[in-house]
Amino acid sequence: MATEKKAYVFFNCDDEKSQKSMNIFYNQTIYKDTKKARQELLAKVEEEVAASRVNVAEGKMEAVSKEILVGEPTKASNYLQFGAIESFAIV
């Protein structure tokens, strides 16, 4: 059986990361599971942090980068406040 292909979406959201606060019409860029797309996803997170729309737990930016670039991008959400990365299966 083939490995399930995934895509990722970054969402601005509330502090609780509630589904209702994640607006697909506001955050609509879909990042494929490729090296280039993961770099673009990291750039998006860095842009949101620089604009003070998302906070990263103190000392955890390196962990965020590592999860997005080579790990499981959704785990980076654990270190984000007002931001989340969700994965979706590509059918």
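This report covers the sheet, the helix packing and the salt bridges of a predicted model.

## Basis

Local features need pLDDT of at least 70, side-chain atom pairs count only at pLDDT 80 or more, and totals for chains, interfaces and linings use all residues. Residues are numbered from 1 along each chain as its sequence is written, and side-chain values use heavy atoms, leaving out hydrogens and water.

## Sheet

Three strands form an open sheet in the order 2-1-5, with antiparallel pairing. Strands are DSSP runs of E, at least two residues, and helices are runs of H or I, at least four; both are numbered from the N terminus. Pairing requires at least two DSSP bridges between two strands. Strand 2 (30–32) and strand 5 (83–89) are the edge strands, each pairing on one side only. Neighbouring strands are turned by 30° against each other on average, direction ignored.

Strand 1 (residues 6–12) pairs with strand 2 over 3 bridges, in the antiparallel sense. Here Val-9 stands opposite Ile-30.

## Helix packing

Helix 1 (residues 35–50) packs on the sheet and touches strand 1, strand 2 and strand 5. Contact means heavy atoms within 4.5 Å. The direction of helix 1 makes about 5° with that of strand 1. Axes are lines fitted to C-alpha atoms, for helices over the stretch in contact; angles run from 0 to 180 degrees between N-to-C directions.

The axes of helix 1 and helix 2 (residues 61–70) come within 8 Å and cross at roughly 150°. The two helices are therefore roughly antiparallel (angles over 145 degrees). Their contact includes Leu-41, Leu-42 and Val-45 in helix 1, and Val-64, Ile-68 and Leu-69 in helix 2.

## Salt bridges

The count comes to 6 salt bridges, each a side-chain nitrogen of Lys or Arg within 4 Å of a carboxyl oxygen of Asp or Glu. One of them joins Lys-44 and Glu-47, with the closest N and O atoms 3.9 Å apart. Both residues lie in helix 1, 3 residues apart, about one turn of the helix.

Notes
Angles under 35 degrees count as roughly parallel, over 145 as roughly antiparallel, 65 to 115 as roughly perpendicular and the rest as oblique.
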